[in-house]
Amino acid sequence: GSFLARASTVDIGGNIFVPSGTIDIQTLSTTSNVAGDHSLTVADGVLLSTAGQWANDFLNPAQVSSGVLLDGGNIILSSAQNLTLGAGSVLDADGGALVDTDGKVQGGDGGDITLKAGTADDAGQSTSSYTLSLGGTLRSYSLNKGGKLTLAAPASVQIGGVAPVDTSTFYLNTGFFTQGGFSSYDVSGPKGLTVAEGANIDVR
């Protein structure tokens, strides 16, 4: 299944569940609607989930599960201006698992999460004042392989070191890469990316 939404401004105040599917939400800014707010906000405590399902046939072999969706699906949030994940919000692309009647475990892969802010630059607009704010939790845990996390900041990016005074710089501490269960990361910023001197990035 899939949930797709396109609008000039998006505020997500409720939970969305698409097991093993796709959640794709974007705000758009074109030459005809450049004025105004075109941000995307996930409210505090909201859950967006494409996680795989869990089933245990070992406990009830008389009713074998069918059609269990094991792999985590994909979550894509793309904002023409600001992209904000509220406090306590969760983007969940975890893989599921099935325990068969013999007790053997089959796990699904984790899904991918993509977050992009300041895409108005594609329309020739300045993005230096826009922000990518990760107030929530991003996860793609799996018994097999975690998914890919893509973060596209609207300006510059700094990984490690002392957090920059310039609030337009998207900052990640090195511990960020040890959580969430992701197997790979793609981090970018159109104004440049800096890995601080002495920073150690340990992807787990």
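Start by colouring the charged side chains: the protein has 8 positive and 18 negative ones, and the centres of the two sets lie 5 Å apart. Lys and Arg count as positive, Asp and Glu as negative, while His and the chain ends are not counted. Each charge is placed at NZ of Lys, CZ of Arg, CG of Asp or CD of Glu.

A quick note before moving on: this is a predicted model, where local features need pLDDT of at least 70, side-chain atom pairs count only at pLDDT 80 or more, and totals for chains, interfaces and linings use all residues. Residues are numbered from 1 along each chain as its sequence is written, and side-chain values use heavy atoms, with hydrogens and water left out.

Now switch to cartoon view. You'll find 0 helices and 20 strands (DSSP runs numbered from the N terminus: H or I of at least four residues for helices, E of at least two for strands).

Next, pick out the open sheet of 6 parallel strands, ordered 1-4-8-13-16-19. Its edges are strand 1 (2-7) and strand 19 (184-188), each pairing on one side only; pairing takes at least two DSSP bridges between two strands.

Zoom in on strand 16 (residues 148-152), which runs parallel to strand 19 over 5 bridges. Select Leu 149 and you'll see Tyr 185 of strand 19 opposite.

Last stop: Ser 20, in the loop between strand 3 (16-17) and strand 4 (22-27). Its phi is positive, near 60 degrees. Most residues other than glycine have a negative phi.
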